[in-house]
Amino acid sequence: PAPPSRARSFTRTPLGGITIPLAAPRAMSAPDVDDDYDAVHGVDRLPGDAENAARAMDEIVADSDEDGGDTDEDVPDQPEDDYESDGDDQEWALGFCERAPAETLQRQFFPSKVGGRPAWLDPVDVPTAAQLKCLYTREPLDFLLQVYASVDDEPTAFHRAVFLFVSPHGGDLHRPGAVRAFRSQLPRINPFYPDEPCEPGDPLQELTDAQHAAYELRHDRWSDDALRGAIARRPRMFPERELVVEREEFLDDDDVTASIAGAENAARVAAAMTPAEEGSDEWKEQMRRARESLPEALRGVGDDVSEAEVRSLERAQDKNQVQLSRFHLRLRRTDPTQVLRYCFDEGAEPLWPSVSDAPERDERTVPPCPRCGSPRRFEFQVLPTLVNHLDVDSELNSAVDFGSIAVYTCARSCAPPAHDGTRGVAADGKSEAYAEECVLVHPPLNA
C-alpha cells in the first residue's frame, strides 16, 4: 500500500493539553481528526501470554462452576465495564508502527518514529556519551524511539520530543538505568527551523559553520562521519518505522469476538446463546458448547469477562493473572497491534501486565524535575508488541525484551537555557538541551 500522507501544518489536534499529530481512524469509528493523515496497519498477534491468560481464566471459571461458585460478597466491587476502568475519564492516544519513506522521517518534519538514527530536535546540543550510557552495563545505549508532542500552554515547547534509549543487553532493560529518556523542546522561533512547516521535498535547513563546530564537540554516535568510520562499537539500529498516532476507541464485544474467532464462528456462537434463559440448564449447556467451539485463545474472553470471569480469578486470589487478563483485554478492546499508549493528563497511569512485578513509583524512582522542581507525570508507555517490529533474534542476549516501559516527564515541560546553537559543551559534560526524565520498566513476562 502507499505510505501514509503526512500533515504539513503546525495546527495539531489537542489531546489533554498536549498536541500530537493524529492519524485518521482505521477499522472503527472515531472523532474527527486531521484529514491529511491516512494509515494502513498490518495485523500482528499478541504474544503467547494472551493465550495463557485466556486458558487460565477458562480453567478457573470451570473450577468455580464445579464448586458451586461464590457470592459477589466474596470479592470487592468492580467497575461495570472492567476494560474501561483504567483511565476511562482520560483521553488516550495509541501508537502504531508504519512503514514510511526515510526522507519523511528527517528532523525537519518532526517525526514520531521507531528505530533508525535519532532525528534530533535540537541538532547541535545533542546528548553526550556520558548521558547515552547504560548505568547497569556501562555500555553505550541504542536508540529505540522518539515521540513528538508539543505542549499547548508552554511557548518554549512549541516543538517538543521525548527520546528513548535502551541497553544493548535487551533482557536487562528492567535494571535501573538500562533504559533512559531525554526531553528536548524549542519555541516556534528558533535557530534551527523555519517558523512555517516544511513541505515534502523541502531541503533541510543546514547548520551554520559555528553550529556545526559546536555539534562536532558532542561526538554524536549517529553522525554521518561516525557511522562511516571505525568506532569502538557502532550503535545497533532497529528498522525505521513511523509511529502513527490515533485516539483510543473501544470495540464492541461482538467485534472483539469476531476479531479473534472469525466472523462466522462468532455469529454461530452468538446465535446458539440467544434463546436460553440465563442460569437455566440449557443456558449452562450452551455456555459449555460455546467454550468448546471457540479457539483456545478466545475461551474466557466473552461478554462477561469483565465481571464473572475476572471476579472468579479474584476469588482464586491470582492477582497477577487478573492484571494480565485486564492488560490483554484492554489491548483487544482497542487494537492489539498498538505499540504505544500516550496520555499526559494528570492522574494517568500505565497499564502494567502484572501486580507483583510492576515497578514501584515513589519520589525515589520518579523524583521531581531537577531543573525546576516540578513533579514528574506519566506521559507514555511502550508495549511489548513493539518487539515484533524490531527484527531481533529472541534467542540472543541482546534481544529487546520487556513487559512494558513507562516514561515520566516534567509536568511543566520546563524550558532549557536559551542558546543560538553555538555554545560549547556544558561544564558537567552533559547536554543542556536534552533534559533526562524518568523511566520505569516492567520485566519481561517470561522472566
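**Salt bridges and buried positions in the predicted model**

E379 is buried, its relative accessible area being 0%, where buried denotes under 20%, exposed over 50% and partly exposed the range in between (1.4 Å probe, protein chains only). The structure is a predicted model, in which local features need pLDDT of at least 70 and side-chain atom pairs count only at pLDDT 80 or more, whereas totals for chains, interfaces and linings use all residues. Residues are numbered from 1 along each chain as its sequence is written, and side-chain values use heavy atoms, with hydrogens and water left out.

E379 forms a salt bridge with R160, the closest N and O atoms lying 2.8 Å apart; a salt bridge is defined as a side-chain nitrogen of Lys or Arg within 4 Å of a carboxyl oxygen of Asp or Glu. This pair links distant parts of the chain, with E379 in strand β11 (residues 376-382) and R160 in strand β7 (residues 159-166), 219 residues apart; helices (H or I, at least four residues) and strands (E, at least two) are DSSP runs, numbered from the N terminus. R160 is likewise buried, at 0% relative accessible area.

The structure holds 14 salt bridges, including one in which the side chains of R180 and E436 meet at 2.7 Å, N to O. R180 lies in strand β8 (residues 179-186) and E436 in strand β13, 256 residues apart. R180 counts as buried at 6% relative accessibility, whereas E436 is partly exposed at 29%. Salt bridges that share partners also join R183, R376 and E437 into one network.
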